[in-house]
Every structure is written in structure tokens, then in C-alpha cells.
Amino acid sequence: MAQSSAVGEVGPGGAAAGYRPSATMPFAAEFRRQASRRRTQLALGFMVLLPLIILVAFQFDSGDDDRDGRGEFSSLADLATSGGLNFTLFSILVSASFLLVVVVALFCGDTVASEASWGSLRYLLAVPVPRARLLTVKLLVALAYSALALLLLAGTALLAGTLRYGWEPLRSQVAAELAPTDGVLRLLAVLGYLAVVLLVVAGLAFLLSVTTDAALGAVGGAVLLWILSSILDQITALGALRAFLPTHYSTAWLGLLSTPMQTDDVVRGAISAISYATIFWGLAFWRFTRKDVTS
């Protein structure tokens, strides 16, 4: 009697029969896995909590009219309580320069380095999950959670601000009063631009994540380098060289609030951010596909 067995059968390229690299490590499974992690829950939870903290803080307004030292964004702070849209804009303002940077660095810098520190990275590759696919899925999940954090911050601020201050036009010192519908579109444009700018942080943190086994080092390194770039951008002696810093156009989103919109720096900033992010991600893939994974 003839017996058939799949043992020892091989598919194209010498792989086991039925093995499909594209079926390994599905996006949904990795997304659910990251959702169960405490750092993901805490980060997303804080994005919801922050606008509520700001809302409570405004209830303790002492009426002090001293605005010295509050910088170029003082008008936005003054108008934060004049409507839900303005409150949302203020919440984005106070988060954009540091908090969102930390959150994006956390999601993108921890994703591979944490696996290495736990000693589970080599087991993922032994499944076998192709290295390029592993990096692609982890990067996409990290970017998805980064975008979710940004949307949670803005959405919570808009909901809480509207319930407290009403559905009022969007106002600022750099633009004429915008109807609520137009104001929402402007806010979406601001969020979109911030998301593009933060791709630089995502790329840098991801590159560091595949370079080191220390997740804290990858996250902290990306944040520190972003801060260093911001400091260098304030040194006018650098002249035209500042335009090549990844943080040079990080506040160009203010032009989206003007009347008419000023988009020249927004376009330059988007090109700069995408270029830096592409370089960092390319280096990350190049490094990881050639390194010896022992952890």
C-alpha cells in the first residue's frame, strides 16, 4: 500500500510545504499584542487624561493678566477657553513640542528593543518570520498607535472643550475668525502636518530600536536628539544650516491657522520630515537584516 506523507516536502525556494512568509506575524495579532502591554495602555490613557487635566487647571484661573514670557503662543493660551476648537488647539500646542515626541518615541523605540531585552526576538525569527516582515509589521503597528495617540488627544480635547466652552468659531491672532466647520478642517490640517513631522521621531527611534537591546536607550536617545536639534535651531549663527535640521519646520503648522493659509514652510517641512524618516527607516532595515540576533 502506498503511503503519502508531507514530512520532508519542500516548497519553492526550499521552504517547508505550505509556508507563506506573508502569513507570518499578521498585523492584527501584533496590534492586539501591543494593546495588552502596560506601556501602551498608560500612554493612550494619558492622551485622554491630559485634556481633562488642562480643563480642570483652567478652572483655577486667578485672573492674573501678566503674560510676560509666554512667547509667540500666548494668544492661543488666552483664547483657549473661548470655545471647544480653541481649547483643542491649545491642547495640541502644549503637547506638540515634547509630549507627543515622547509618545511617538516610546511606541517606535520600544517595539524591537523590548523584544531583544526579553530574549524573545530570536524566537520570533525562528518561527520563522522573515526579518523584513517582522520590522514592517512592528513599524506599522507602532505608527498606528502613534496616530491613535494623536487622535485621542485631539478628540478628547474637542469633546471636553465643546461641552465646557461651547461650539464657537476658531480664533487666533494670526487669522480672522473661522467658522466652526472651517476651524475643524484647519485643525485636521494641523494634526496631519504634526503627524508628518513626528515621522522623523518615529524613524530615529525605530533605527535606535534595532541598534540596541535597551528600549529605554532607544526611546531616550530619540527624544534627546530631537531636543538637541531644537536647541541648535535656536542658534542664529548657524544661518542657512538650520533649514536642514529636522526640527526647523516643526512649528510651521501655525501657518495653517493664518488667513490666508501660509503653506510654503509646511511643504518644506513635510519634504524634510519624509526625507529624514525614509533615511532612518532605510538604515534600520539595512542594519537589522544584516545583524546577528542573539537575544
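In this predicted model, T111 is buried, with a relative accessible area of 2%, against a cut-off of under 20% for a buried residue. Leaving aside residues up to four places away in sequence, T111 touches R39, K138, F206 and S209.

Helix α9 covers residues 199-211, and its 13 residues should span 18 Å at 1.5 Å a residue; the end C-alpha atoms are 18 Å apart, so expectation and model agree. Because 10 of the 13 residues are buried, α9 is largely enclosed by the rest of the structure.

Helix α8 (residues 180-197) and helix α11 (residues 264-288) meet at an angle of about 35°, and their axes are 8 Å apart. On the α8 side the contact is made by Y193, V196 and V197, while α11 contributes D265, V266, G269, A270, A273 and I274. By class, the residues of this contact comprise seven nonpolar, one polar and one charged.

Helix α11 itself has 25 residues and reaches 36 Å from its first C-alpha to its last, close to the 36 Å expected at 1.5 Å a residue. Buried positions in α11 include V266, G269 and A273, which also take part in the contact with α8. Further along α11, the buried residues include F280, W281, A284 and F288.

The largest pocket has a volume of about 470 Å³. It is lined by 20 residues, and those closest to its centre are S97, Q234, T247, S250 and T251. Elements giving two or more residues to this lining are α4 (84-96), α8 and α10. Helix α10 provides the largest share of the lining, with four residues. In terms of residue class, the lining of the largest pocket holds 10 nonpolar, seven polar and three charged residues.

Note on methods: Residues numbered from 1 in each chain as written. Predicted model: local features only at pLDDT ≥ 70, side-chain atom pairs only at ≥ 80, totals over all residues. Heavy atoms only, no water. Axes fitted to C-alpha atoms, helices over the stretch in contact; angles between N-to-C directions. Contact = heavy atoms within 4.5 Å. Nonpolar A, V, L, I, M, F, W, Y, C, P; charged D, E, K, R; others polar. Expected span 1.5 Å × (residues − 1). Buried < 20%, exposed > 50% of the residue type's maximum accessible area, 1.4 Å probe, protein only. 1 Å grid on protein atoms, 1.4 Å probe; cavity = no way out; pocket = protein on both sides within 12 Å on 5 of 7 lines; lining within 4 Å. Points joined across faces, edges and corners; volume = space filled by probe spheres on them.
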